[in-house]
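Please read them with the structure open.

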Amino acid sequence: MASRLPARWAAALTKMSNPRVLLVTERHTLLPRAAKRGVKYGWSTANPRTKPTRFNQQSAGIPAPTTGPAAALQRTAQSTPLRTGILATKKGVSAMYNSKGMRMPCTILQMDQVQVVAAKTRAKNGYWAVQVGCGQKEPGNVTAPLLGYFEAKGIAPKRHLAEFKVRGEDGLLPVGVQLQPDWFKVGQFVDARSDSRGMGFAGGMKRHGFAGQGASHGNSKNHRTIGTSGPSQGGGSRVHPGKKMPGRMGGERVTVQNLRVLKVDNETGIVVINGHVAGPKGCIVQIADAIKKTPPADTFIAKARRLTLERDPDHDVRLQAAREAHLELKEMRKEGRIGEAMALADAML
């Protein structure tokens, strides 16, 4: 901040007819007396060469640095898919043969009532995303707040929910729309994200691939131990953070990138992808367009979206009716008319 002017010079400046005129004396040249002074008003005594924006001139072609949520979305735009992904269940591993007779290992994934549950918007949530649910769950095993969440959308309770970020508003889908395997194109690349199989508590040889110790020559009952873990020189007599030691192995989120789609079947809900996916049979796998490969053509994306919406043309009407019924049931529950609420809910089924 600039230094404050002495009071005597301020009093001298008040006698001038035009306070914006500079006051020049034999030894000093005073700045004009302004109503507001400070860096945020564009008034600073800093050397122009020390200003942080001196390299961001418009003539240099470099955009001015920005911060905030909008800038964060702009930075991650290239690594965000154009459209949403799906949830599928891993059924097992098999193999297929291509036209050249080469054997290709593949993973069979099956979709189970995959529906769009919610849409996250930039204005309300700060980013663009689509919430997808799959499977089904007994209403008696669902909490009351979550039952109301699904009731307002006119969707049966889902067993699994996941959120897929999209690049913009064009990637959002209406609530209640069901996704089919033909959402993906045969030959395109996808990323598969799932939880790996849990191994339990494992030793250093199994968890980190240690070679172990010698079988003889004085070694006794220490063949698979990791040995010393704390150095006594340089780093001090302590165990450094991140030291590879025995511990819980597996059960982590694993993403396998750039897997090619080999087959899709709407009748059975099957999606077959090349390669292997982490996790045991029955685990939930999140499949989305690969972020390191070229996405499908715009014509295919538009076609897949059009077919998805044509299969459920009444999604808007159903969603509005579900919201109105939810508000009515909510008022009944508040007033204690449980019997009428249950009768209305049974009539809606």
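1. Helix H7 covers residues 315-335, 21 residues in total. From first C-alpha to last, H7 reaches 30 Å, close to the 30 Å expected at 1.5 Å a residue. The expected span is 1.5 Å times one less than the number of residues. Helices here are DSSP runs of H or I with at least four residues, strands are runs of E with at least two, and both are numbered from the N terminus.

2. A word on the basis. This is a predicted model, in which local features need pLDDT of at least 70 and side-chain atom pairs count only at pLDDT 80 or more, while totals for chains, interfaces and linings use all residues. Residues are numbered from 1 along each chain as its sequence is written, and side-chain values use heavy atoms, with hydrogens and water left out.

3. Which residues of H7 are buried? They are His315, Leu319, Ala322, Ala325, His326, Leu329 and Met332. These residues cover an arc of only 145 degrees around the axis, which puts them on the same side of H7. The arc is taken from the directions from the helix axis to the C-beta atoms. Buried means under 20% relative accessible area, exposed means over 50%, and partly exposed lies in between (1.4 Å probe, protein chains only).

4. Now the face of H7 turned away from its buried side. The exposed residues there are Asp316, Val317, Leu327, Lys334 and Glu335. Just after H7 comes glycine 336, with a positive phi of about 85 degrees.

5. H6 spans residues 298-311 and has 14 residues. Its reach is 20 Å from first C-alpha to last, close to the 20 Å expected at 1.5 Å a residue. Phe300, Ile301, Ala304 and Thr308 are buried in H6. Seen down the axis, the buried residues of H6 fall within an arc of 105 degrees, so they line one face of the helix. Asp298 and Thr299 are exposed on the other side of H6.

6. The chain as a whole. It holds eight helices and 13 strands. Of its 349 residues, 30% count as buried. The chain exposes about 22,900 Å², and carbon and sulfur atoms supply 53% of that area. Accessible areas come from the Shrake-Rupley method with a 1.4 Å probe; for residues, only the protein chains shown count as cover. Take contacts between residues at least 6 apart in sequence: 68% of them join residues at least 24 apart. Contact means heavy atoms within 4.5 Å.

7. Two backbone angles deserve a look. Most residues other than glycine have a negative phi. Glutamine 113 has a positive phi, near 50 degrees. Glutamine 113 lies in the loop between strand S4 (103-110) and strand S5 (115-120), and is partly exposed at 36% relative accessible area. Histidine 217 also has a positive phi, near 60 degrees. Histidine 217 is in the loop between helix H5 (204-208) and strand S10 (247-249). Is histidine 217 buried or exposed? Histidine 217 is exposed, with a relative accessible area of 83%.

8. Next, the rings. There is one aromatic pair. Tyrosine 149 and phenylalanine 150 form it, edge-to-face, at 5.6 Å centre to centre with 75 degrees between the planes. Rings of Phe, Tyr and Trp (its six-membered ring) pair if their centres lie within 6.5 Å; planes under 30 degrees apart count as stacked, over 60 as edge-to-face and the rest as tilted. Tyrosine 149 is partly exposed at 28% relative accessibility, whereas phenylalanine 150 is buried at 1%.

9. Charges over rings. The charged end of lysine 165 sits over the ring of tyrosine 127, 5.0 Å from its centre. The charged end of lysine 293 sits over the ring of phenylalanine 189, 4.9 Å from its centre. The rule asks for NZ of Lys or CZ of Arg within 6 Å of the ring centre and within 35 degrees of the ring normal.

10. Last, arginine 159. This residue is in the loop between helix H4 (144-151) and strand S7 (160-165). Arginine 159 is partly exposed, at 47% relative accessible area. Arginine 159 and cysteine 134 are 25 residues apart in sequence and 6.2 Å apart in space, C-alpha to C-alpha. Leaving aside neighbours within four places in sequence, arginine 159 contacts Cys134, Gly135, Gln136 and Lys137.
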